[in-house]
Amino acid sequence: MKYYSTNHTVPEVTLRDAVVKGLAADRGLFMPERIEKLPKEFFENIDELSLQEIAVRVAEAFFGEDVDSKALEKIVRDTLSFDTPVVEVENNIYSLELFHGPTLAFKDVGARFMARLLQYFINKDSDGTTVNVLVATSGDTGSAVANGFLGVDGIHVYVLYPKGKVSPIQECQFTTLGKNITAIEVDGNFDDCQRLVKSAFLDDELNSKLLLTSANSINVARFLPQAFYYFSGYAQLKAKGRGADIVVCVPSGNFGNITAGLIALKMGLPIKRFIAANNANDIFYKYLLTGEYTPKASVQTFANAMDVGDPSNFARILDLYAGKHEVIASLISGNAFSDSEIAETMKKCYEKTGYVLDPHGACGYLALKQLLKEGETGLFLETAHPAKFRDAVTEIIGCEIEIPRRLQEFMKGKKQSVEMSANFADLKNYLMSI
Ligand SMILES: *Cc1c(COP(=O)(O)O)cnc(C)c1O
């Protein structure tokens, strides 16, 4: 299958090139040329299938032409070494828990899939050279990517992060791994890290010596696999007799997650409509209300993985619906919440139901509470484990929460990092010397 750019000014590329390049040459985002409708029989029996079985079927629809079917099945099964259970929170409101992966956030699905697909392509066409993945992180992306690529042969990952500016829990998730993961601790802020990575991709000398690529969240291999768990969420609700009039609510930042849901819808998934829940970064919500898209600088909030002022995947949503605001607004509704509303929601939900929300999932839950209509069943995506925000969550709900064992393991590990100035010349010297 070919992948086109949302800017439509460059030729289509193969899946391999879309995965290795990440972004199209005209700076558009790659989209699959076809979105296959899955047969009715698949949906009739879907409640008897596991997440992994469902995911294999969905993955075939996208990648079946380009990846050998045995290899693809293995990539999917290795990616999904954990489940995504649906849990009832209260009458008519269910949580799709996406935090059971190694770094306790939904980004594990896309990052693990991308690592394995990239490995498949380099094993096929290379002479044993190593691919170097550079990624800048303000916290969560680095841990999902580092853990997704951990131990994958032929790939070395460099995570650049701002010294002293990520939480200790986040830091230990990418500095304690060793093996093919190197953490680079930059004496600067997140923007410096991003600038260093961009400069590295543009440097001819560096690129002639090393094969460099990015593991950015807009990569099709990170984005499309997120469709898997929408199908599984539906299957689990259907098994509970709640398969009709489902409204799916997605806590959104860069809008990759909800776009994967919209793709699932185009594949025939019987979902009635979507809700995009925002924090104070309400650019998309404003677009729904007015039809005007006005990017802004992001503001820092309590649900920080959603602090995005110009969501990249907006281009994909426009592309899916030919830019028609009325179509988009009829399918997706939204709302935006302040930090105090998020905190109050976490507290109330815990007191009423005993369910502990993380700040991102809290936006999803609250939007459902406000926008769900009579007769509908609401499913919100719980995108991170509350233990990732332990101090804040404990303070709000007034009760200690348990830290999952896999997070405790990270915290026991020994931090290893390479200290780096924010000068590109220093990073270049370092990379040239490896
Ligand atoms: C990345 C992230 C989001 C936002 O997802 P997008 O695909 O960028 O919209 C929401 N919650 C958590 C916990 C995240 O890490």
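A backbone N or O atom of Gly 253 sits 2.8 Å from an oxygen atom of the ligand, which counts as a polar contact (a pair of N or O atoms within 3.5 Å; within protein, one must be able to donate a hydrogen and the other to accept it, and residues adjacent in sequence count only if both atoms are side-chain atoms). Keep in mind that this is a predicted model, where local features need pLDDT of at least 70, side-chain atom pairs count only at pLDDT 80 or more, and totals for chains, interfaces and linings use all residues. Residues are numbered from 1 along each chain as its sequence is written, and side-chain values use heavy atoms, with hydrogens and water left out.

**The five-stranded sheet**

- Five strands line up as E8-E5-E6-E7-E13 in an open sheet with parallel pairing (two strands pair if DSSP finds at least two bridges between them).
- Helices (H or I, at least four residues) and strands (E, at least two) are DSSP runs, numbered from the N terminus.
- Strand E8 (211-214) and strand E13 (418-420) are at the edges with a single partner strand each, so one side of each has no neighbour in the sheet.
- From one strand to the next, the twist averages 30° (axes are lines fitted to C-alpha atoms, for helices over the stretch in contact, and angles run from 0 to 180 degrees between N-to-C directions).
- Strand E7 (residues 181-186) pairs with E13 in the parallel sense over three bridges, and Glu 185 stands opposite Glu 419 in E13.
- Helix H5 (residues 107-125) lies across strand E5 (131-136), strand E6 (155-162) and E8, at about 140° to E6 (contact means heavy atoms within 4.5 Å).
- Helix H6 (residues 140-149) packs on this sheet too, touching E5, E6 and E7, with its direction at about 165° to that of E6.

**The six-stranded sheet**

- This open sheet has the order E3-E4-E12-E9-E10-E11, and its pairing is mixed.
- E3 and strand E11 (332-336) stand at the edges, each with a single partner strand, so one side of each lacks a neighbour in the sheet.
- Strands E3 (residues 86-90) and E4 (residues 93-97) run antiparallel, joined by four bridges, and Glu 90 has Ile 93 of E4 as its bridge partner.
- Two residues lie between the strands of the E3 and E4 hairpin, where Asn 92 takes a positive phi near 75°.
- E4 also pairs with strand E12 (residues 377-382), in the parallel sense over five bridges.
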